[in-house]
Amino acid sequence: MKMFRILAICCFMLGVLFAFEPTVAMAQDQMVEFSSAPQQNIEMADALRQDGKIYVVVAVLLTVLAGVLFYLIALDRKVGRLEKQLKDEYVNR
Amino acid sequence: MKKNWWKILTVLLLVFTVAVGMLSEVPRLAILNETIRNLYFHVPMWFGMILILLVSVVYSIKYLRKPSIKNDVIAHEAAKVGILFGVLGIVTGMEWAKFTWGEYWSNDPKQNGAAIGLLIYFAYLVLRSSFAEQQQRARISAVYNIFAFAALIPLLFILPRLTDSLHPGNGGNPGFNAYDLDSSLRMVFYPAVLGWTLLGVWIINVKSRLELLRQRIYENV
């Protein structure tokens, strides 16, 4: 089972690597067709990325996500402890 | 910790979704602009809802074949989490629609179908709470749950396709189809769907265990 954990983490690392890899290779040999053609003069949050402020948003989102997940993990462990306690009482009765 | 590797996978997938989903390159399309990133957060709510409600139906069928409190509890908790995902999906959809379609609610067939589908599931909760006797409640709500899922599929996936719709993938509106969903979107979209669905399964897991504990305590008292 420890193998699974290591495997999962490896998959995650690989995924991150692939995603950050510039999509140059893909763009060269396969052009994706869009139903409405992509244009260069479309407004995107480029300025936001250039001066780095998008990372603030990512940090905030990750903080919220971390908070919610920690809450869920805490809840999970509390239920686990209760399960154990109840089983003990049941066995020792 | 041994059986919980999938919970770690959930955390990793969600962190990946938020971080890479915000930072990666996305197609430049008119009207959508950066809101195309909602694909990683709005759409997985619906994918997650369908998968989680499918879990609920499976446990309802299991209950009818072999009545046990565990099957009933899991079916109920899964339905509740599925409804939560559906409500989040419809609210995020309205927010997105306001800035791309111009209105929060434009009576689009997809929106109406989703709303009716959710109402059918709200009725499931009402039905459940109207029985005092446990076995009766479990059996009748299991039957209703199967009906509700069977009604939800045409409402979400068939009826909107038969008429004009603003929503991508419906009524001759191509949207994020095979051509549009390019590999840079897919790279985050599939992990996002898996991550959000697993989060729902995790919540079902914790809530069902808590409910089963509660029932065991009542038995012992």
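Predicted model: local features only at pLDDT ≥ 70, side-chain atom pairs only at ≥ 80, totals over all residues.
User: What does chain A consist of, in helices and strands?
Analyst: Helices and strands here are DSSP runs (helices H or I, at least four residues; strands E, at least two), numbered from the N terminus. Reading from the N terminus, the elements of chain A go α-α-α-α. The tally for chain A is 4 helices and 0 strands.

User: What percentage of chain A is buried?
Analyst: A residue is buried if 20 or more other C-beta atoms lie within 10 Å of its own, exposed if 12 or fewer, and partly exposed in between, with C-beta atoms placed from the backbone. Chain A has 93 residues, and the buried share of them is 0%.

User: Over to chain B. How far apart are the end C-alpha atoms of helix 4?
Analyst: The expected span of a helix is 1.5 Å times one less than its number of residues. Helix 4 of chain B has 21 residues (109-129), so it should span 30 Å. The model agrees with that, as the end C-alpha atoms are 31 Å apart.

User: Which residues of helix 4 of chain B are buried, and which are exposed on the other side?
Analyst: The buried ones are B:Lys110, B:Gln111, B:Gly113, B:Ala114, B:Gly117, B:Tyr121 and B:Tyr124. They cover an arc of only 170° around the axis (going by the directions from the helix axis to the C-beta atoms), so they sit on the same side of helix 4 of chain B. An α-helix has 3.6 residues a turn, so residues three or four places apart point the same way. On the other side of helix 4 of chain B, the exposed ones are B:Leu119, B:Ala123, B:Val126 and B:Ser129.

User: Which helices do those buried residues pack against?
Analyst: Contact means that two C-beta atoms, placed from the backbone, lie within 7 Å. For the buried residues of helix 4 of chain B, the packing partners are helix 3 (69-100) and helix 5 (134-162) of chain B.

User: Are helix 4 and helix 5 of chain B roughly parallel or roughly antiparallel?
Analyst: Axes are lines fitted to C-alpha atoms, for helices over the stretch in contact, and angles run from 0 to 180 degrees between N-to-C directions. Helix 4 and helix 5 of chain B pack at an angle of about 180°, with axes 9 Å apart. Angles under 35 degrees count as roughly parallel, over 145 as roughly antiparallel, 65 to 115 as roughly perpendicular and the rest as oblique. That's why helix 4 and helix 5 of chain B are roughly antiparallel.

User: What does B:Arg128 touch?
Analyst: B:Arg128 is in helix 4 of chain B, and it is partly exposed because 19 other C-beta atoms lie within 10 Å. Leaving out residues up to four places away in sequence, B:Arg128 touches B:His76, B:Arg137 and B:Ser141.

User: Which residues touch the most other members of the largest nonpolar core?
Analyst: A nonpolar core is a set of buried Ala, Val, Leu, Ile, Met, Phe, Trp, Tyr and Cys residues joined through C-beta atoms within 7 Å. Of the 49 residues in the largest one, the answer is B:Ile52, B:Leu53, B:Ala75, B:Ala78 and B:Ala79.

User: How far is B:Ala75 from B:Ser56?
Analyst: B:Ala75 lies in helix 3 of chain B and counts as buried because it has 29 C-beta neighbours inside 10 Å. B:Ser56 is among the residues that B:Ala75 touches. Though 19 residues apart along the chain, their C-alpha atoms are separated by 4.2 Å.

User: Which chain A residues is B:Val206 in contact with?
Analyst: B:Val206 is in helix 6 of chain B, and with 19 other C-beta atoms within 10 Å it is partly exposed. Setting aside neighbours within four places in sequence, B:Val206 is in contact with A:Leu72, A:Leu75, A:Asp76 and A:Val79.

Key: Residues numbered from 1 in each chain as written. Chains lettered and ligands numbered in written order.
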